[in-house]
Structure formats: C-alpha cells, structure tokens
Amino acid sequence: MPALKGSLTYARFFVQEALPDDFRQRFMKSIRHRAMRPLQADDEESQRSGWCAVGEPFELELDYDRVFYDGFVNLGFRTDHWAIPAQLLRAKLREAEAAYLQKKGRERLSRSEKTELKELITRKLRKSFVPVTRAVDLSWSLSENVVRFFSQSPRTTLAMTELFKKSFGSELVPEAPYTLALRLGAVAAEDKLWDELEPTVIPVQER
C-alpha cells in the first residue's frame, strides 16, 4: 500500500509523547537498529517485520535523507513470511516419517520426533521458495504529531504499532470521534457529554 502513488486509503493515529530535543539522531539510530532483516531458510521464525524505505520494500539501507523529508518521517513497514503449500508439506512429511520408521524398525513416531521431523522438512522446503514480502507505507507528520498508515488490516496495524512503540517510545492512539474531539480542545463539560452518550436502537419494521 504506497503513500507516494496509488490508493490513498489510510488510518490515522495520534502520537501522544512530545518529541525529544535530539529526536533526529535518536530516531535514526533506532530505525536502523530495527530495519528489516530478511527471513532466511534456517531461521526459527516463520514471520518477521521491520522498517524499510518508503515505497521501496527491498531498500534496507536507511539514511537521514530517505527517512526525513520536509517535516515528515517516512518509512515502509515490511513483513516477510513463509508460505509453503500445505499439501506439499504434508506429502514430504509423510515420506520423511516413513523413511525414518523404516530406518529405526518401528511402527510409530513419538510426538517430539514428529515435531522435529516437521521442522526439518519445513526448513528444507524453504530453500526451494522465497518468503512472501509485503510492505505498507507510513508517514508521520511531526508538526501535527499524526501518523498516517496506508493499511486497514487489523493484524498489520497491530504489528506496526508495536514496532513503532519499540522504535520511538510512543504509543499510537487510533483516530476516533472522541480522541479527535480531545485533540481539538474539548472542554470538561463537552467531555462529560461524551460519557453520557448512550447507543440508540432503531427498530426495523418488518415488511
């Protein structure tokens, strides 16, 4: 989901904490530390996320000019995951189990042996595939303290907010009527009205 071209559908978040005085140096160090590390066949993880250049999922060398632009922090949130066809995995696992039992002269495998064989076969199969890569662009307006994330996926959004907190030490608050009202300066009396609101049930007439 690109910020620089294509669809402009995005979710908005508010950054609660104020920027530290040395935020540029501090942010760059943290961003580089959490830049995406592509998945390898022998990794234990089946999925991994990290930062990449905005609009460039495979550009992982992040420098100041790529990240900071005209009062914005621009990044890509990249996720790699393995997608090995389940049918292929089951077939290869059956072959491996049969060969193992024949070698050991046994009829059944223990649970731990099944787990170890599955991990071994999975890693072997990964060497014949490449991870599925997906990147979503993020743009943080430093003057507004607003983050625009170009995805509506709850799972992707949750993973991004977790990485954002680790990287920048700030919680992201999703935009909603209530949070927006507070940011626009809702006074205490108006805030009380929000608390007193109750849902209205509209009856549906049967035809």
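Modeller: Let me start with a term we will need: two strands are said to pair if DSSP finds at least two bridges between them. With that in hand, and keeping in mind that this is a predicted model, we can look at strand E6, where Phe149 is the bridge partner of Leu138.

Biologist: Which strand pairs with E6 over 4 bridges, and in what sense?

Modeller: That is strand E5, covering residues 132-141, and the two pair in the antiparallel sense over 4 bridges. The hairpin of E5 and E6 has 4 residues between the strands, and in this hairpin Asn145 takes a positive phi near 55°.

Biologist: And what about strand E1, how many bridges join it to E6?

Modeller: Strand E1, which is residues 11-15, is joined to E6 by 4 bridges, and these two strands run antiparallel. Within that arrangement, Arg12 stands opposite Arg148 in E6.

Biologist: Which way do the residues of E6 point, and are they buried or exposed?

Modeller: Val146 and Arg148 point one way from the strand, while Val147 and Phe149 point the other way, and all of them are buried.

Biologist: Changing topic to helix H5: what span should it have, and how far apart are its ends?

Modeller: Helix H5 has 15 residues, 154-168, and because each residue is counted at 1.5 Å, the helix should span 21 Å, which agrees with its end C-alpha atoms being 21 Å apart.

Biologist: Zooming out, how many helices and strands does the chain have?

Modeller: The secondary structure comes to 7 helices and 7 strands, and from the N terminus on the elements run β-α-β-α-β-β-α-α-β-β-α-β-α-α. Of the 207 residues of the chain, 35% count as buried. If we take the contacts with a separation of 6 or more, residues 24 or more positions apart account for 71% of them.

Biologist: Where is the confidence lowest, and where is it highest?

Modeller: Confidence is lowest in helix H6, residues 177-183, at a mean of 52, whereas strand E2, residues 47-52, has the highest, at 98. For the chain, the mean pLDDT is 87, and 81% of the residues reach 70 or more.

Note on methods
Residues are numbered from 1 along each chain as its sequence is written. This is a predicted model: local features need pLDDT of at least 70, side-chain atom pairs count only at pLDDT 80 or more; totals for chains, interfaces and linings use all residues. Side-chain values use heavy atoms; hydrogens and water are left out. Buried means under 20% relative accessible area, exposed over 50%, partly exposed in between (1.4 Å probe, protein chains only). The expected span of a helix is 1.5 Å times one less than its number of residues. pLDDT is the predictor's confidence in each residue, from 0 to 100. Contact means heavy atoms within 4.5 Å.
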